[in-house]
Structures are given as structure tokens and as C-alpha cells.
Protein chains: 2
Amino acid sequence: MTDANVHFQPLGRKTSPEKGRTLLELARDSGVAIESICGSAGKCGKCKVIIRSGAANLSPPNRSETGLLGDKPVLAGTRLACQATIVSEGDVVVEVPEESRRGHHRLLAAGEERATKLKPAMTKTVIELPPATLADVRADDDRFLEVLRKGARTSSMMSPGAHRTLPGALRDGSWSVTATLFRGKEVVRVDPGDTTGELYGVAVDIGTTKVVAYLIDLTSGKVLATESMPNPQIPFGEDVMSRITFTTKTPDGNERLQKVILDGLNSLISKLSSTSGVPQENILEVMVVGNTAMHHLFFGIPAKHLASAPYAPAVRTSLVYDAGQMGVDIYPFGKVSSLPNVAGFVGADAIADLVSSGLYRDTHIGMMIDIGTNTEIIAGNKDRLVSCSSASGPAFEGAHIKFGMRASTGAIERVWIDPASRDVRIQTVEDARPRGICGSGIVDAIAEMLRSGILDPSGRITDDKGDRRVRKGSNGVREYVLVWGKDTETGEDITVAQHDIEEIQLAKAAIFTGVSTLMRKLGVKCKDLERVYAAGAFGTYVDASSAITIGMYPDIPVTRIRFVGNAAGSGARMALKSTHVRDLAEKLSKKVEYVELAAQKDFQSEFAKAMFLPHRDLGRFPSVKTGKG
Amino acid sequence: MTDANVHFQPLGRKTSPEKGRTLLELARDSGVAIESICGSAGKCGKCKVIIRSGAANLSPPNRSETGLLGDKPVLAGTRLACQATIVSEGDVVVEVPEESRRGHHRLLAAGEERATKLKPAMTKTVIELPPATLADVRADDDRFLEVLRKGARTSSMMSPGAHRTLPGALRDGSWSVTATLFRGKEVVRVDPGDTTGELYGVAVDIGTTKVVAYLIDLTSGKVLATESMPNPQIPFGEDVMSRITFTTKTPDGNERLQKVILDGLNSLISKLSSTSGVPQENILEVMVVGNTAMHHLFFGIPAKHLASAPYAPAVRTSLVYDAGQMGVDIYPFGKVSSLPNVAGFVGADAIADLVSSGLYRDTHIGMMIDIGTNTEIIAGNKDRLVSCSSASGPAFEGAHIKFGMRASTGAIERVWIDPASRDVRIQTVEDARPRGICGSGIVDAIAEMLRSGILDPSGRITDDKGDRRVRKGSNGVREYVLVWGKDTETGEDITVAQHDIEEIQLAKAAIFTGVSTLMRKLGVKCKDLERVYAAGAFGTYVDASSAITIGMYPDIPVTRIRFVGNAAGSGARMALKSTHVRDLAEKLSKKVEYVELAAQKDFQSEFAKAMFLPHRDLGRFPSVKTGKG
């Protein structure tokens with residue numbers, strides 16, 4: 001029938017679907033990429049879809065589906081796209097959940113942004129002045145300010161930039177000029193003629209590991225260019241603590257760390273400028289977010305006290321510094337601003353996460369988890385917000401993992417192990433020959449090893465089934481061969497070592513201890529969590545089911561997990577675009593309560609229990625079924 | 001009689017004065033230096049004093065006195081100290097007018113300063129904070145601002161300097177710190193413990209020719225050190241106009257001129273610091289005055305429009321820039337401030353003159369004349385003030401004068417010519433052998449040459465008396481030998497050339513045209529001028545009678561002339577010490593009306609008439625008697 005359709009929500013449509021074909025195939029035909037790793041064997045469960053209507057036109061659910069998904073979800077319409085086939089003519093409406101969309105994770109990493117009404121801090125206004133004559137020899141500034149203030153503005157002041165540009169602009173523009181004001185109060189620049197169409201800013205997320213900068217057209221809100229680089233402070237210390245230690249042990253250590261990040265940012269700005277053709281001189285503001293240590297080091301504020309109890313930050317309040325004074329290569333009398341911090345280890349990046357997620361205005365209870373070298377967690381709703389920080393370390397970025405690597409070409413990012421045959425299937429970035437394992441790959445691997453019984457709940461690699469992939473490594477400690485050398489780029493076997501598993505256990509235990517502590521503070525249980533915002537590149541790439549399986553995320557239905565990508569970057573962009581967002585952020589940073597995890601009396605025992613896979617207290621992970629369970 | 005006294009007001013007293021001795025001798029004995037150049041011959045008239053009581057104990061006035069001083073003044077008590085002798089026992093009270101005090105001029109050059117109540121812009125306050133604990137992990141800035149704001153202060157903000165110094169100060173000072181605030185609003189620095197005793201600032205007068213800087217202890221108001229240097233911009237142009245021309249003809253000319261003056265100021269600050277032992281880091285503010293061009297060039301504001309009609313300044317308003325941003329080597333988050341300008345050629349230095357003189361609050365009509373390469377004149381009283389600027393050039397500083405030199409060792413600073421014998425007497429700086437003539441010397445010389453009939457009113461050197469000092473120079477033009485080679489340091493005759501006289505005529509005509517234009521604007525005559533404030537080093541050194549004789553100052557009794565020395569420097573110091581003075585200056589700069597001399601329809605003819613000695617219209621100088629009159 002020519003008028004029958006399969007609608008994939010959102011995105012695609014397949015007209016005249018052929019009988020006998022699977023939803024997975026039809027989706028691919030219509031340009032909708034659905035995850036699948038088991039070769040359509042109905043075994044990996046990644047290709048979950050929800051049938052919104054026309055279920056009768058599909059094959060009935062088979063055993064693979066009920067086994068993997070459970071009877072109840074299947075009754076409610078959940079199917080495996082690789083198993084459900086077209087059996088009769090008629091429309092079918094298929095919802096592809098976020099979780100099942102291939103590539104969606106990667107796209108999201110740029111950060112999802114809530115619509116923001118443009119209200120940038122820098123504004124431009126055209127004004128016409130009476131020319132100076134021998135009969136009216138008032139000073140340029142008096143002449144200018146009189147007209148500017150008439151325009152219903154408050155008592156605007158002029159910055160050195162305005163003093164320098166005013167006299168030339170007045171004469172070059174025949175007494176018609178464009179004034180640029182910061183927050184409606186400070187004139188920072190005057191240009192001849194009408195330049196209101198040119199208004200640019202840069203939003204920057206300074207992560208401990210990665211720095212991302214976005215060039216924004218502040219007249220349209222559009223991102224004109226994006227550039228990123230590894231944080232150039234990495235050579236001085238991989239994590240926040242070791243960088244702070246560097247500042248305490250090295251004379252002018254703070255200055256040196258400031259210099260490298262400033263140089264780094266300047267190189268990003270230079271690239272943004274050449275990519276977009278926007279002169280650096282026309283970039284008027286930089287909005288910076290980062291964790292508190294990155295924030296302090298960037299702004300030249302001593303960071304050393306962050307490293308010792310009670311870990312109080314030097315500065316909470318939102319900052320506005322002069323770009324020239326800071327040494328940031330934009331218009332020298334432009335501004336470098338920041339969002340506010342909350343605590344020593346909950347910084348402006350967490351506030352950016354909060355702002356961009358919308359958690360602060362939800363009525364139901366939600367949680368924001370931004371996984372990085374340091375993981376910030378904020379939980380609550382419009383009434384109350386609590387926060388904490390976990391030193392999760394860089395394992396999820398591939399550090400300290402034997403075959404760990406960044407999520408670049410050839411990185412194993414998805415792993416599926418057939419529990420029966422112990423066959424391993426992998427998916428790599430750009431489908432290249434595997435070179436190593438990235439963060440989402442190692443979490444998948446551990447989750448699959450646990451489900452298949454290769455790991456016991458303590459994280460130990462077992463060999464009770466004589467699996468030849470389980471072997472002793474060169475150091476005599478067990479390891480698991482994920483890919484045999486014949487199939488890898490280097491010819492070397494890619495393995496998951498016992499030590500790798502311990503690293504991930506430490507990291508996920510740190511995160512879950514934060515999660516559980518905040519839930520206890522709020523007096524809520526997992527079932528009460530209506531929404532978990534998973535932020536950060538890793539938090540977005542990682543398979544949510546696997547993250548729950550290893551006990552990193554709380555045990556909630558994966559549909560409640562919302563991937564918000566680089567939410568810190570999104571928040572920075574929103575703040576750059578709108579002073580309302582900044583004002584909101586300032587309010588929120590005062591409202592968010594900070595919980596010092598290490599000061600909680602049961603912190604040690606909570607952490608120890610969270611080292612288990614998924615947890616020592618299995619009652620907290622009722623949905624997780626492990627091979628050794 | 002042992003209990004008889006001669007009191008010299010102010011300053012000295014001579015007990016048991018011997019009969020037959022002159023007041024001049026008694027004054028010297030009691031440490032009061034009175035001017036005299038004719039060797040007590042009763043001829044030069046410099047040693048004028050006023051007898052306030054005990055006139056009967058003195059010799060009666062002789063002919064020299066009535067001849068030189070006039071009958072009426074002598075009747076009113078004016079005497080020549082070299083002629084009046086003690087004739088009987090009894091007290092005598094003698095007033096030594098400013099004009100007659102030797103060395104007073106030089107002392108005054110530092111600038112007389114009206115008492116200023118200390119209210120510096122930078123203030124320090126000690127505050128005690130509750131320490132940060134695990135139970136109170138508020139950010140340092142929140143903790144600090146809460147206590148600071150409780151102290152009845154308005155919403156204080158923190159500058160980058162405060163952010164950088166706060167965390168260390170809190171811990172080093174055991175939570176007791178000293179906050180430095182700018183104008184009570186912006187925290188610029190936080191020091192551990194109590195540092196309220198250390199508060200320093202620098203006041204700077206940037207003259208076209210000379211830069212003077214004063215280091216002030218802002219807790220006591222005392223000047224701790226003074227340093228000066230020639231303006232390092234001189235190689236780029238001797239006067240304001242040629243420097244502005246340099247900026248228009250040289251790419252980055254404005255930047256280059258800014259750099260040299262900044263470097264110059266920094267070297268003065270460095271010297272002030274080493275002389276006084278006050279670390280540069282503890283200097284918190286620099287208050288700058290200068291003419292509008294010097295002001296603009298210093299602050300990096302384009303100066304080129306000052307050179308073309310209508311000569312509007314780019315900036316009138318008082319400035320406050322960050323020291324670090326400016327590149328001024330004090331505490332980097334300290335401030336560099338300025339007083340406001342009035343017009344393109346009436347700058348912050350004129351406002352400083354006005355503030356320090358007190359003219360703005362007088363009820364009678366007065367005039368302030370600050371002679372420099374550019375001469376600023378302000379006239380009026382508390383009700384109305386008018387101002388103008390004259391391009392008087394650097395002749396008074398010795399430039400373009402054949403034997404011209406600065407007022408340094410060996411400079412002829414006083415000249416007296418006996419009208420009868422044509423004998424010449426000179427006085428030099430430090431009484432050294434003469435090397436050249438400084439500004440006050442050349443004015444004296446011309447005045448004396450005029451009085452003795454060596455010059456005619458057009459300024460031509462005449463030889464009708466066969467004076468052998470009048471001769472043809474090597475260029476065939478007449479010159480007058482002031483000192484024969486046998487008496488000079490170099491062995492060369494020191495002469496006043498015809499060209500030198502023309503230079504001085506041009507300069508004094510420029511000044512007097514301004515003086516007369518402002519008097520006309522106010523509708524007043526010379527007799528209405530109750531007070532003339534003579535400012536600037538030259539204006540203070542110069543003999544007031546000679547200045548009147550050549551027609552530079554208006555013809556008023558010399559007792560109405562008040563020497564205020566480097567009034568611009570004094571005003572800068574006052575402004576540094578008190579924000580009240582700054583607020584007053586800001587008001588005054590708006591109140592002072594500016595008169596563009598070149599735009600006055602009779603400017604050319606007024607100028608031409610003022611070229612004569614003293615003036616084409618002798619009715620304007622009734623007191624001046626010339627040899628050719």
C-alpha cells in the first residue's frame with residue numbers, strides 16, 4: 001500500500017514499508033541511526049524502541065524481547081527494533097528514545113541549550129551629536145554623555161576604551177556614532193557610524209582536561225565557530241589537586257598556571273577569529289565557566305586554600321574583569337566575565353550545568369551529574385538544591401587505563417558480550433580498527449563482563465567457565481582480552497586489566513557516594529528521581545544502562561535520564577547571551593547548599609559499599625542482573 | 001635699652017637694636033632676608049617694608065624713598081629698609097611684604113597649599129571575620145563582604161586586587177585584615193593585620209617642560225619626598241603644538257609620547273620610593289594634573305583634535321584609571337586619577353591652580369595667571385569664572401634667548417640698572433659667577449633697560465646716550481652687554497640681544513592679551529582686580545614690578561599680587577588628599593567659562609598693542625615710568 005508509513009519520532013519516515021523488514025532496517029533506510037551491536041541478534045538490547053501506534057502491524061514480541069526487556073515494558077509497547085518486523089499494511093508510529101539513537105550522544109556533546117532570549121551585557125546604540133563648533137566647544141565626553149543620558153539611560157560612565165575611541169569616532173562618523181555599553185552603564189567603545197550589526201562574544205568552558213570555546217554572534221545568538229584544546233595546564237598536574245599542589249610548591253606557580261591557560265584561551269580565540277572572519281578586536285566579551293580551581297587559576301586568584309580544609313573558595317561572586325588587564329586578546333576594553341562559584345569544588349561550571357538543565361525550576365525532584373576529573377552533582381528542585389563534588393579522577397577520560405584513550409578514531413566506545421557464547425562485539429569511533437578503549441567503552445566492557453559473569457560483584461575477574469579470554473597478564477594479574485590482536489590496529493591484544501576495573505570502581509564509587517549522600521540529604525529514594533541530567537562529554541557518551549549496571553548512576557528507568565552534553569558550555573553560552581541568566585546564576589549560587597562529602601560521618605562506609613558492582617547493598621539496584629548475582 | 005625690639009613680620013625679631021643701623025642690616029641679623037640689589041644705595045627699591053608701629057623711632061623718609069616710592073605710600077608707612085635707620089629706643093614693628101623677601105620666591109616654587117582636611121580617596125579599615133570552618137564554608141569574598149557591609153558601608157565591590165590578596169590576608173592575619181577601599185566603594189586590596197598606618201599617594205604635575213612628583217603620607221598629609229625631571233617628551237616637540245603635530249604625523253605617535261611620559265613618571269616614582277623608603281607596592285594612588293594636551297597624551301587619549309578648531313578636548317571629566325592597566329608602577333590595582341579639564345588649552349593644571357588659590361570662593365574680583373609654555377588665566381570670583389589660554393612659548397624658561405638658561409647655578413635672576421650712571425648690578429642663583437640669564441632675569445633686564453631709556457616702547461635698543469654696553473652684535477643687530485666677559489663664568493660677555501627682546505615681547509603680549517580679554521569679558525578694570533595669583537615657577541620668581549613694567553601683568557599695586565608657586569602641584573596634592581577637593585574641582589570645571597582668544601574679533605589688534613612696552617595704550621599702565629616715556 002503506497003500510503004502506509006512508518007514514522008520514526010523524531011526525525012524520519014519510511015513510506016510503503018515492505019513486509020518482513022525489521023524496524024531497524026527501515027529506520028536505517030529513512031536515515032534514522034539506531035544503536036545495535038549484536039548484529040540484529042536480539043541480544044544486546046541497544047535497539048529499544050517504543051511503539052506509539054500501529055503495534056498490530058508488527059510481528060508479536062518474541063522471546064529475545066521479553067527476556068531482555070521484561071514482560072511489562074513489552075506490553076507497554078517497548079520492542080527491539082531488530083526483532084519487530086512489518087507484518088501488515090498500515091501506519092506505525094515508532095518512538096526512538098534518546099538512549100537508542102546512534103550518534104546522538106556525540107552530537108549532544110556540544111551541549112544542549114535551552115532557548116535564551118537575547119539580552120547580552122554588551123549592547124550597542126547609535127547616537128547623533130551636535131558637532132563641535134567655535135560657538136560650542138564642549139568637550140567630546142560632555143557632548144556625548146549628554147545625548148547618551150537623554151536616551152533614558154542611567155548615569156553612564158566612560159571607560160578608557162571609550163575615551164580613546166570617542167574623538168576619532170565622532171569626526172570619522174560625522175558626529176553619528178555607535179556606543180557600546182556594558183550592562184547599560186559603562187561605555188566601553190565608540191565607533192563611527194552604525195555598527196550595531198557587529199556584536200560578538202566568546203563563551204568558554206575551562207575543564208580540567210579540555211577547554212572549549214564558542215564564538216557567538218550576539219545579534220542572532222548563533223554559534224559561529226567552536227574550538228577546543230586539551231587544558232594546557234595538564235603538564236603541571238593531571239587533576240585539580242595536583243595543580244593546586246604545584247601552585248603551593250612552586251614560586252609564582254599560580255602565575256605560571258594562569259599564563260598557560262591564558263595563552264591557551266588566546267590561541268582558541270585566534271582560531272575562532274580566523275575561522276569566522278570576525279576580528280578579535282570586535283569580540284567584546286568572554287564568558288568563562290570552570291570548576292572553582294580552574295576559575296581561580298584563570299583569574300589569577302590564589303587557589304592553594306582550596307586544597308586544605310575547610311576548602312573555602314576565595315571568590316564566589318560572578319566576576320567582571322577588563323580584558324586588557326587580564327591579557328585576554330579581544331577588544332582590550334571589553335570584559336572577561338564568569339558565572340559564580342558555589343564552593344571550593346562546586347564551581348561556575350556546575351552553576352552553568354544547573355542553569356542550562358533547568359533543574360532549578362523543576363517541581364519534581366531531579367539530579368544533575370556532570371562527570372569529569374571532578375564530578376559535580378546537584379540535586380533537588382525549585383524549592384531546594386543541594387550539591388557536592390566527587391574526586392572521580394580521569395579514568396573515564398582513558399587515563400590510568402591500560403588501553404585507555406580519548407574517544408577518537410579507533411576507540412572502542414560500545415561493547416557487548418553474549419552471555420551464553422561469550423562472543424564479544426564492539427563498536428569503535430568512526431568504525432575504524434580498534435586502537436584502545438575510551439571511557440564509555442570501558443564502562444560498557446565492565447557492565448557486560450559483570451552481566452556475563454566474568455566479573456564478580458567485588459570486581460574480580462573470574463575464570464570459572466574456562467573462558468580463554470580470561471588470562472594472566474605479564475604481571476601475573478588477571479586480564480580480559482576484549483579484542484584479539486589480529487583484529488586490532490596495532491596487532492596487539494586489547495585487554496581490560498584487573499587494575500583497570502579497580503580504577504573504574506574507585507571512580508564510580510566516588511560518584512555514587514555523592515549521588516546517595518545528596519539523596520539522603522533531600523530525604524528521597526531512587527524512585528523519587530524523576531529526572532537525571534547527565535552532563536559532560538563522558539556522561540553523554542556512556543551507555544546509561546551500563547552506567548547503572550556498574551552502579552555509577554542511580555537505578556532509575558533509563559528514559560528518565562536526559563543527556564545534556566557539555567551543559568557547562570551551554571550554560572556559558574546562555575550567560576553570554578543574557579544578563580537575566582547571569583542574574584539567575586548569581587541567585588542560584590547563593591541558594592545551592594553545599595555538602596562536604598568528606599565531612600559526612602558515614603562517608604567511608606558509603607564509599608566502601610559503592611566500590612562493589614553495582615553496590616554492596618543490592619537493594620539499591622533492583623534492576624541490575626549480574627552473572628554472579 | 002635692653003627691652004627694645006624690632007619685630008619683622010612674619011619671622012624675625014632683633015632685640016636691643018643699635019642706633020644708626022638700617023632695618024636692612026637688622027633684618028639680616030635676625031635671619032630675615034630682604035631683597036636688595038643696589039648695594040643699599042636706596043636706588044633699586046627692592047627692599048620695600050611697611051612700618052606698622054614705632055615709626056617715630058626711625059629716621060625720617062629721605063629723598064630716595066619719596067622719589068622711588070612716592071609721597072603717598074611713604075606717608076602710609078612704606079619705607080626702604082636700606083634707608084630707614086634706628087634713631088631712638090623703643091619697639092618697631094616692620095612688615096616685610098612677600099615681594100621683598102629674598103628666597104621667598106624660590107621657597108614658594110614648591111607651591112603654597114591651603115590647609116586641606118584629609119579625606120583621601122583610598123581609605124583603610126580593619127575588619128575581623130569569623131574563621132572558615134567545615135561548619136561554615138562560605139567563600140572568602142562572601143564572608144568578607146558581609147562584615148564589611150555591616151560597617152554601614154554601601155554595596156562595596158571587590159576589584160581583582162582584592163580577590164588576589166584576600167585569601168592569603170585572611171589566613172596570614174588570622175582572620176583580622178585591613179581592607180583598602182577606593183572612595184568607600186571598591187575594595188582594591190586586603191592586607192593581613194592592621195596596616196592603617198601605611199597609606200601613600202603621589203601627586204604629579206605634568207608640565208610641558210617639567211614634571212614634578214610629590215610622595216604624600218595620606219595619614220598625615222605630609223610631603224615625604226619630591227622629585228622632578230624635564231618632561232621627557234621635549235625631544236618630540238618643545239611646546240604643546242609641536243607634540244600634537246608629532247602625533248598626527250607619526251604612526252603610533254600618541255602611543256610613543258604616552259610611553260615616554262609613563263617611563264618618566266615611573267622613574268620619578270622609583271626615586272620617590274627609594275628616597276623615602278616607601279615601597280612602590282604601598283603607593284595606592286597617583287593624582288595627575290597637566291594641561292589638556294599633557295593630560296590626553298598621558299592617559300593615551302588622542303590629542304590631535306586639540307590642534308584644530310574648535311579645539312575641543314576629548315575628555316573633560318575627572319578620570320580614574322587602574323594603575324596596572326595604565327602601566328604606572330605603583331600597586332597594580334591602585335588608581336591613577338586626574339582632575340578635570342576645562343577646554344582644549346585650559347586643563348587640569350588650571351583647575352588645580354584655581355582650587356589651590358581659593359579664587360573660586362573670593363567675593364572680590366581676582367585673577368590667576370599660571371605662566372608656562374602655555375599660560376592659563378582664570379579670572380572672576382565665586383559668582384563667575386572665565387578662562388583662557390595663551391601660547392606664551394618657552395622664552396621665560398630661557399628657550400630662544402641667546403644667553404637663556406634655566407634658573408640654575410649662575411643664572412642671572414635679578415637685574416638693576418642705575419638710570420643715571422647706567423651701572424648694572426645683577427644677582428645670580430646661588431650668587432655664583434654668571435653663566436646666563438633665566439626668565440626672571442631677562443624680564444628684570446628688559447624692565448630696567450626700559451626704565452633707563454636703553455629701550456624705547458617699541459622694544460628697540462637705542463644708543464642715544466653713547467652707552468658702551470649698547471653695541472652691534474656679530475649679525476649687525478644691536479645688543480646690550482649685561483655682564484662683561486671678565487666677570488662671567490665663561491669669559492664671554494653676557495648680552496641681551498634685540499631678538500631676545502622680541503621673544504619676550506611676543507610672550508608677554510600673548511599673556512596680556514589674555515589678561516585684558518578676560519577683564520573685558522567680566523567688565524572690570526585693573527583697579528577692580530583685588531588680587532592676582534601668580535602661579536608657576538616663573539610667575540613666582542619674576543619680579544612683579546618688572547612684570548608690570550614690561551606690561552605682562554596688569555598694572556595693580558604689587559601688594560595685590562600673591563605668589564602661589566607651583567599651584568598646579570599644590571592643587572594636585574590637595575586633590576590627592578581630599579575627595580572634597582576633587583568634587584569641588586569637578587564642579588568648577590563645569591562652571592568655568594572658556595574664552596577662545598583667537599575667536600575674539602579684536603584679538604589681532606589687542607595683541608599688536610600689547611607688543612609695546614608696556615603697552616601701546618599707556619593709559620592701561622599709569623604706574624609705569626619709562627626712560628623714553
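Reply: Happy to! 3 strands of chain B form an open antiparallel sheet in the order β22-β23-β24. A strand here is a DSSP run of E with at least two residues, numbered from the N terminus, and two strands pair if DSSP finds at least two bridges between them. This is a predicted model, where local features need pLDDT of at least 70, side-chain atom pairs count only at pLDDT 80 or more, and totals for chains, interfaces and linings use all residues. Residues are numbered from 1 along each chain as its sequence is written, chains are lettered from A in the order in which they are written, and side-chain values use heavy atoms, without hydrogens and water.

Me: Why is the link between A:Asp142 and B:Arg316 called a salt bridge?

Reply: The term needs a side-chain nitrogen of Lys or Arg within 4 Å of a carboxyl oxygen of Asp or Glu. Here the closest N and O atoms are 2.4 Å apart, so the pair qualifies under that definition. The count between chain A and chain B is 2 salt bridges.

Me: Which element gives the most to the side of chain A that touches chain B?

Reply: That is α6(A), with 7 residues.

Notes: Helices (H or I, at least four residues) and strands (E, at least two) are DSSP runs, numbered from the N terminus.
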